[in-house]
Amino acid sequence: MKNLLTALLIVMVTMAANVHAQEAAPPGQIGVSPSMLELSIGSEPVNESLRLFNLKKTPTKVKVEVYNWTLDDNNEVKLLPPTEQSLDQWMLINPTAFTLEPGKSQVVRLSVRPPVKPDPGEHRALIYFIEESMAENAADEEKKPVEVLFKLGVGVYANANPVKRSSTLTSFSFDKSGNSLKAAITNSGNVHTRLTGSYSIWKKDDFPGIQNAEKFVKAENPEKNPDGLVASGQLNQTPVLPGNTRTIITQLPTLTRSGSYIVAVSGELGDKKIEKTYPVSR
């Protein structure tokens with residue numbers, strides 16, 4: 001039996017479930033840029049490219065697969081069978097298999113060519129870059145120690161006119177028991193929507209106000225941040241797909257010291273600005 005451990009890393013839109021995590025190299029030390037593609041499609045072909053980076057000191061054998069997908073009720077990726085209107089059936093990818101040398105990169109080109117008129121709205125595909133064993137035969141495979149292989153996913157969103165963007169923030173709250181922020185979002189449009197923005201946690205007596213708090217979080221030099229800023233991060237940007245209502249949860253870091261704090265949120269959903277503050281005691 002093959003002695004392999006496969007580690008799955010899905011980078012979307014994501015799925016940022018938290019998009020800011022996409023900036024770091026995955027466990028297999030393989031990077032991809034961009035981490036998501038959003039295209040406009042019609043009757044003419046649309047061409048794009050991705051670049052895969054090997055940050056390891058050994059060669060990596062990669063194959064490329066494309067799937068139709070959605071998100072389930074738990075905001076987890078669910079692969080779907082292809083249809084006449086699914087983006088995976090309209091994509092040509094080259095190359096679909098290659099060996100990536102240490103410290104090198106590989107451009108993967110894709111072309112979207114719908115053989116039928118796309119329905120209005122969003123069409124989605126998930127491009128997987130899958131690491132394969134470098135063993136030359138089964139006997140070599142059995143002798144190798146446990147390896148961690150990667151499966152890196154890039155979400156592709158292709159929009160066909162007319163595009164309708166319509167989303168509603170039903171509620172936004174701080175869950176004290178779960179130490180998290182919860183955004184209930186309804187998407188009545190025909191393309192995905194997502195919450196964007198950031199949070200910051202401050203010592204109560206040092207809180208500079210919501211507008212100043214946002215400026216510090218966006219500052220390019222975090223070393224100049226005031227002592228009262230305890231932690232900050234990006235809001236969970238998991239997309240809410242057309243026709244869905246979802247609760248998007250942003251997990252906050254645990255406060256290790258007793259005291260009174262303020263959690264400040266600055267974000268946007270579509271053209272709606274979100275500014276919230278929540279007192280927290282530990």
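Biologist: What makes up the lining of the largest cavity when its residues are sorted by class?

Modeller: In this predicted model, that lining has 5 nonpolar, 3 polar and 1 charged residues. The residues include Ile 210, Ala 213, Glu 214 and Val 217, together with Ser 198, Ser 200 and Ser 266. Since Glu counts as charged, Glu 214 in the lining belongs to the charged class.

Biologist: What volume does the largest cavity have, and which elements give two or more residues to its lining?

Modeller: The volume of the largest cavity is about 40 Å³, and the elements that give two or more residues to its lining are β14 (195-203), α2 (210-218) and β17. Of these, α2 gives the most, with 4 residues.

Biologist: Why is Thr 254 called exposed?

Modeller: Thr 254 has a relative accessible area of 64%, and the term exposed is used for values over 50%, so Thr 254 is counted as exposed. Thr 254 is found in the loop between β16 (245-251) and β17 (260-269). From C-alpha to C-alpha, Thr 254 lies 10.0 Å from Arg 282 in space, while the two are 28 residues apart in sequence.

Biologist: How do you know that β13 and β16 are paired strands?

Modeller: A pair needs at least two bridges between its strands, and strand β13 (residues 180-187) is joined to β16 over 7 bridges in the antiparallel sense, so β13 and β16 count as a pair. As one example, Ile 185 has Arg 246 in β16 as its bridge partner.

Biologist: What makes β12 and β16 the edges of their sheet?

Modeller: The open sheet has 3 strands in the order β12-β13-β16, with antiparallel pairing. β12 (167-175) and β16 each have a single partner strand, so each is left with one side that has no neighbour in the sheet. Neighbouring strands of this sheet are turned against each other by 20° on average, direction ignored.

Biologist: How do you know that β5 and β6 are paired, and in which sense do they run?

Modeller: Strand β5 (residues 60-71) and strand β6 (residues 77-80) run antiparallel and are joined by 4 bridges, and because at least two bridges are needed for a pair, β5 and β6 meet that condition. Among the residues involved, Asn 68 has Leu 80 in β6 as its bridge partner. The two strands form a hairpin with 5 residues between them, and in the turn Asn 75 has a positive phi of about 60°.

Key. Residues numbered from 1 in each chain as written. Predicted model: local features only at pLDDT ≥ 70, side-chain atom pairs only at ≥ 80, totals over all residues. Heavy atoms only, no water. Buried < 20%, exposed > 50% of the residue type's maximum accessible area, 1.4 Å probe, protein only. Axes fitted to C-alpha atoms, helices over the stretch in contact; angles between N-to-C directions. 1 Å grid on protein atoms, 1.4 Å probe; cavity = no way out; pocket = protein on both sides within 12 Å on 5 of 7 lines; lining within 4 Å. Points joined across faces, edges and corners; volume = space filled by probe spheres on them.
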